[in-house]
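Visitor: Hi, I'm new here. Could you walk me through this one?

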Amino acid sequence: MIPKVFKEIIDLGDGRTISLETGKLAKQAHGSVVIQSGNCMLLCTVVSNYEQKDLGFLPLTVDYREKFAAAGRYPGGFFKREARPSDGEVLTMRLVDRVLRPLFPKDYQAETQVMIQLMSHDDDVMPEAMAGLAASAAIQLSDFPFECAISEVRVGRVNGEFVINPTRAQLADSDLEMMIGASADSVMMVEGEMDEVSEDEMADAIKFAHEAIKVQIAAQLRLAEAFGKKEIREYKAAEVNEDLEKRVHDLAYDKCYAIAKKGTSKAERSAAFAEVKEEVKASFTEEETEEFGHLVGGYYRKAEKEAVRELTLSEGLRLDGRKTDEIRPIWCETDYLPSTHGSSIFTRGETQALATVTLGTSRDANKIDMPSFEGEENFYLHYNFPPFCTGEARPLRGTSRREVGHGNLAQRALKGMIPNDCPYTVRVVSEVLESNGSSSMATVCAGTMALMDAGVKLTRPVSGIAMGLISDGDRYAVLSDILGDEDHLGDMDFKVTGTSEGITACQMDIKIKGLPYDILVDALKQARAGRLHILGKITETIDAPAESVKEHAPTMVTRRVPNEFIGALIGPGGKVIQEMQKETGTTIVINEDPVTEEGIVEILGVGKEGIDAVLAKIDSLLFKPAVGSVYEVKVIKMLDFGAVVEYTDAPGNEVLLHISELAWERTDNVTDIVNMGDVFDVKYFGRDPRTRKEKVSRKAILPKPEGFKERPPRENNRDSRGGDRDRKPRQDRK
């Protein structure tokens, strides 16, 4: 039986479209949709169990995978099958999860999976820009309790014009790249990188993207209506006890307000709030605790949140006693670790990051091997968030999605300031040692200082700040440099990084509907003041990149070599280059420049002597004597008919000095004129047209002896073998 297929088309302009299709694939899923643009196809399926779990949170899994078959390729590795997700796939999962999760009811706790797969790849379409659209469209076809349809788009700006879902080629010419997630009436998520743009330009890009998202949401709703929108499933809603909620509020609110107003440290504050919570619990009888004690904790947290928010809105004070625009105390240090190529410590309040820099060759580049993209990163940043940084003990389960996401944000913040002519592959690692509010922004600041300490010539230093927003609809307060607690209780948290000239990266999660753009711009401008304050603290510690790399750090020198000489530099089976690396203590990497068709030789070494030795070898290979010039040579081999000499300025370049060119007088023995190790000058005559061998002469630069007579030239009546030209061929002779 041929399935009935439902389809909707979204026009992106420039002849590009996105189609939404359902009814053909994966019909046992609770919702499934195929998204196609060009030859790029994504299959998204959603399933949510009907059994509710009492977990206190929504067990939602968003999974995005790119199948290698989609690009006609084999996976790497021994087993030749897709395994753990790549960092690129994890980043796409996070982008989708951050928009979907807040739209499920807070008391919905059924196991829910959103699975998005790249089934067909198109080089001109970046699939992750359609992942949010695919997820929302599939949910609209399901019976999930979900607040409203959403979508996500990527926006770029090419030649001053905004572009929705640009191609990779367009993105290379864009001065900003942002992923925007939104519903029809509210922007919910922003993440991206920029080339030092202004706050107003960033807001304009968000507005432009939101208009495109509204079109995509309308298409989803049309598809769901045509398919037949299912009735929303019933589930066990959270138990509500208004009398109990009021009783807990009355017991806890004033005490929490007073604790928040004291402006204490995280540990003191946590202990005080915990004491109030225990007092509230103790006020109930055993019978009451048994009947509804399971609700007390949630109602207490709600009262505590309300008290802290009201303190900020009414008095402009925060949990640690700061004003809304005040930055916590900062101290910094560079060159802390003696053996690294660069290091720094950045401490802001109770958040601390230790950053290290390692310099390497192109061989150390981070290789990206995904079906949708293959390439290398010559600058990359890794972020580690161990449990002790928050005073916890828990097992380590590998790199978390959070670590991948925060590291990517910090990398995007800094990479635009790495100059194009930086010869090194640069790796930054941030170890978060303490965390109470935005360790990712501390990573940006520590990374900036470590790079400058390592001698990387940053275009400009970068700083970052985490901001928050609290609003009750009529009043609002923008918070600079938020604490971890303020991140959870606020209505928006956004991280902004930039230089003195503009924004380089951002990440926002907006939790309130219909945030006015003027408030957003105000928040971004307050963030700029905070960034510049932090930047001042950084430049007080280190105001410019180090003039050179550290003594124990490798120096990188590059040399371009014509392709015809690369073989000689490598040697048979790599023998020459391997011996050279061993003898000089250097690392030598050779890459080909496809544009100039030259070899780019990278020489990385700690000692100047080793690098100079490699350069001398390359100079020797490239040495081409000029006809008529005089060169100093050294005898390295004696023969009966001459001496083999080596150019002293180009070791390894040898030429035969024939016995007839040693002196003007007749020479019977080579040793009568020169011996092993003798150094003298010769004149270069180029290649002899008769023998096709290079010719040099010692006698040519010596004065002729008085009365010297030249030998008469040979008669031109003999062939190249010494025979007479008029002699008959051998076969004709009797």
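Predicted model: local features only at pLDDT ≥ 70, side-chain atom pairs only at ≥ 80, totals over all residues.

Visitor: What pLDDT does the protein average?

Guide: The average is 90, and 96% of the residues score at least 70. Here pLDDT is the predictor's confidence in each residue, from 0 to 100. Over residues 716-734 the pLDDT is below 50. That stretch has ten contacts in the model beyond near neighbours in sequence (contact means heavy atoms within 4.5 Å).

Visitor: And how many salt bridges are there?

Guide: The whole structure has 47, counting a side-chain nitrogen of Lys or Arg within 4 Å of a carboxyl oxygen of Asp or Glu. One of them joins Arg 531 and Glu 199, with the closest N and O atoms 3.5 Å apart. This pair links distant parts of the chain: Arg 531 sits in helix H12 (residues 517-541) and Glu 199 in helix H4 (residues 199-227), 332 residues apart. Helices (H or I, at least four residues) and strands (E, at least two) are DSSP runs, numbered from the N terminus.

Visitor: Is Arg 531 buried or exposed?

Guide: Arg 531 is buried, at 1% relative accessible area, and Glu 199 is buried too, at 8%. Buried means under 20%, exposed over 50%, and partly exposed in between (1.4 Å probe, protein chains only).

Visitor: What about Glu 21, which side chain does it meet in a salt bridge?

Guide: That's Lys 7, at 4.0 Å from N to O. Glu 21 lies in strand E2 (residues 16-22) and Lys 7 in strand E1 (residues 6-13), so the pair ties together parts that are 14 residues apart in sequence. Glu 21 is buried at 16%, while Lys 7 is partly exposed at 47%.

Visitor: Switching topic: where does Ser 174 lie?

Guide: Ser 174 is in strand E9 (residues 174-183) and is buried, with a relative accessible area of 17%. A polar atom of its side chain lies 2.5 Å from the backbone oxygen of Leu 176. Leaving aside residues up to four places away in sequence, Ser 174 touches Gly 156, Arg 157 and Val 158.

Visitor: Last one: how far apart in space are Ala 272 and Ala 70?

Guide: They are 56 Å apart, C-alpha to C-alpha, and 202 residues apart in sequence. Ala 272 belongs to helix H6 (residues 266-282) and is partly exposed, at 23% relative accessibility.

Key:
Residues numbered from 1 in each chain as written. Heavy atoms only, no water. Polar contact = N/O pair within 3.5 Å; in protein donor to acceptor, adjacent residues only side chain to side chain.
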